[in-house]
Structure formats: C-alpha cells, structure tokens
Amino acid sequence: MVNILLVDDHQLVRKGLKALLESHPGYQVIAEAGNGRDAMLMIESLRPDLVLLDIMMPEKNGLEVASDILRRPCAPKILLLTMSHIAEYISESLKLGIQGYVVKEAAPTELFNAIDTVMRDEIYLSPSVSKQIMGLLQKRNEKENLLSNLTARQVQILKLIALGYSSKAMADELSLSVKTIEAHRSQLMQRLGIREVASLVRYAMRMGLVEE
C-alpha cells in the first residue's frame, strides 16, 4: 500500500484527487495539506511514502517545499502535479532530485502510472513535459554553440544590441571607441550570417541572452 500525502492549496482539487487515488486498491491518502508549512509537519508525524505536490501555492511554492522535504533523512518520494509547463520549473525540479512531474490535465491512468514509476525509484515525466525538457536542452546546446563560436566581447556586444544600446552607449559602457564597437558589430553579423539589427535582437532573445 502506498501512503500518500496530498499538498494543494485548493480544497476541491484535493478532494477530487483523494477520491480518484482511493479508487485504486494500492493507494491510501493518509492526509491533506493546503500549504508547505502544514505539509512539513505532516511528513514529520505521518511518514508518507509519497507526497503529491502542487507547484503554485502561496507562502512557499512547491519547489521550495520539495527542497525542504529532500533535505530530510529518509525523505518520501515526490510527485509534482501541476498546471505549469514552464521549462525552468521543470528543469529546477529535476535538479532538486524530484522524480515525477505530471500535468493536471493528465488522464487518471497516467497519474497511476506516474505514481507506480516513482515508487520504483524511476523518473516519470508527462509527455508534454518531456517535450519541454527537450526544447530547453536544445536551447542550451544552441547557446553553448553560440558562446563557443563568438568571442566574449562579441557576446557582450550582442547582448547590448538586444537591449537597445546605441554604438555610442556601448562604447561608453565597455570603455571602447565607437569605431571599435562598429568593427565588433560588423564581425558579429558576418560570423552569424545576420545583416539586420532586428534579426540580431531576435537571435539574442532566442539564445536567452535577454528576456523576450
């Protein structure tokens, strides 16, 4: 029997999940918590096998709660169940050592599969989450390739161009002459095969050098 602690700040969500989970003969919901503080107290006293944890919560978000849980000896397994498809959240959860990430629109059978997978000490990601991770890794690889193909100065200038700096402002910022800045800009465009400043800006955003 898998003893489960539900952590979600929406009571209706918790009640629906509890009913769903307890329809499975191998699961038992031993407690519910609406915030991270209560969750930590329940983990201490009840020792659940699995914490089913939402990310978006007041006071402490699910990743902060998970980080606290995983610092404990004999920590329970954690399965994130969330509406969030944000790649950075997904990446951070994997860095923390969280083994499961399921989106709330998943079918009940997927949730059951995720629980069973995590309890076998394996990693489970919803298909849409796996796609996000692949996209994030591709973006990071592209950024690493960019950094390897450009000099540190060219990366600096690309970022400043994307931030809207003029050649004069870049020269002042980097303590260089305007002529040197223009030379770097020309070399940058040639190396990237880009001829327009607007395209440089879009490229810098795609590489994550500046926020969109």
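Helix H7 (residues 152-162) has these buried residues: Gln-154, Val-155, Ile-157, Leu-158, Leu-160, Ile-161 and Ala-162. Buried means under 20% relative accessible area, exposed means over 50%, and partly exposed lies in between (1.4 Å probe, protein chains only). The model is predicted: local features need pLDDT of at least 70, side-chain atom pairs count only at pLDDT 80 or more, and totals for chains, interfaces and linings use all residues. Residues are numbered from 1 along each chain as its sequence is written, and side-chain values use heavy atoms, with hydrogens and water left out.

**Overall make-up**

- The protein has 10 helices and 6 strands. Helices (H or I, at least four residues) and strands (E, at least two) are DSSP runs, numbered from the N terminus.
- The protein has 212 residues, and 42% of them count as buried.
- Take the contacts between residues at least 6 apart in sequence: 61% of these join residues at least 24 apart. Contact means heavy atoms within 4.5 Å.

**The sheet**

- Six strands form an open sheet with parallel pairing, in the order S2-S1-S3-S4-S5-S6. Two strands pair if DSSP finds at least two bridges between them.
- Strand S2 (27-33) and strand S6 (124-125) stand at the edges. Each has a single partner strand, so one side of each has no neighbour in the sheet.
- Helix H1 (residues 11-21) packs on the sheet. H1 touches strand S1 (2-7), S2, strand S3 (50-53) and strand S4 (77-82). The direction of H1 makes about 165° with that of S2. Axes are lines fitted to C-alpha atoms, for helices over the stretch in contact, and angles run from 0 to 180 degrees between N-to-C directions.
- S1 and S2 pair in the parallel sense over 6 bridges. Val-7 stands opposite Ala-33 in S2.
- S2 is mostly covered, with 5 of its 7 residues buried.
- Gly-100 has Tyr-124 in S6 as its bridge partner.

**Helices H7 and H9**

- Two packed helices are described by the angle between their axes and the distance between the axes.
- H7 and H9 pack at an angle of about 95°, and their axes are 10 Å apart.
- The two helices, H7 and H9, are therefore roughly perpendicular to each other. Angles of 65 to 115 degrees count as roughly perpendicular, under 35 as roughly parallel, over 145 as roughly antiparallel and the rest as oblique.
- On the H7 side, the contact is made by Arg-153, Gln-154, Ile-157, Leu-158 and Ile-161. On the H9 side, Ile-181, His-184, Arg-185, Gln-187, Leu-188 and Arg-191 take part.
- By class, this contact of H7 with H9 has 5 nonpolar, 3 polar and 3 charged residues. Ala, Val, Leu, Ile, Met, Phe, Trp, Tyr, Cys and Pro count as nonpolar, Asp, Glu, Lys and Arg as charged, and the others, Gly among them, as polar.
- H7 is followed by Gly-164, whose phi is positive, near 90°.

- Arg-185 sits in helix H9. Arg-185 is buried, at 13% relative accessible area.
- Neighbours within four places in sequence aside, Arg-185 is in contact with Ile-161, Ser-167, Met-170 and Val-197.
- Ala-66 lies in helix H3 (residues 62-70). Ala-66 counts as buried, with 0% relative accessibility.
- Not counting residues up to four places away in sequence, Ala-66 touches Leu-53, Ile-78 and Ile-98.
- Ala-66 and Leu-80 are 14 residues apart in sequence, and their C-alpha atoms are 9.0 Å apart in space.

**Salt bridges**

- The count comes to 12 salt bridges. A salt bridge is a side-chain nitrogen of Lys or Arg within 4 Å of a carboxyl oxygen of Asp or Glu.
- Glu-182 forms one with Arg-185, with the closest N and O atoms 3.6 Å apart. Glu-182 and Arg-185 are 3 residues apart in helix H9 (residues 178-192), so about one helical turn separates them. Glu-182 is partly exposed at 37% relative accessibility.
- Asp-68 and Arg-71 meet through their side chains in a salt bridge of 2.5 Å, N to O. Asp-68 is buried at 15% relative accessibility, whereas Arg-71 is exposed at 60%.
- Arg-37 pairs with Asp-38 in a salt bridge, the closest N and O atoms being 3.7 Å apart. Asp-38 is partly exposed, at 26% relative accessible area.
- A network of salt bridges links Asp-8, Asp-54 and Lys-104.
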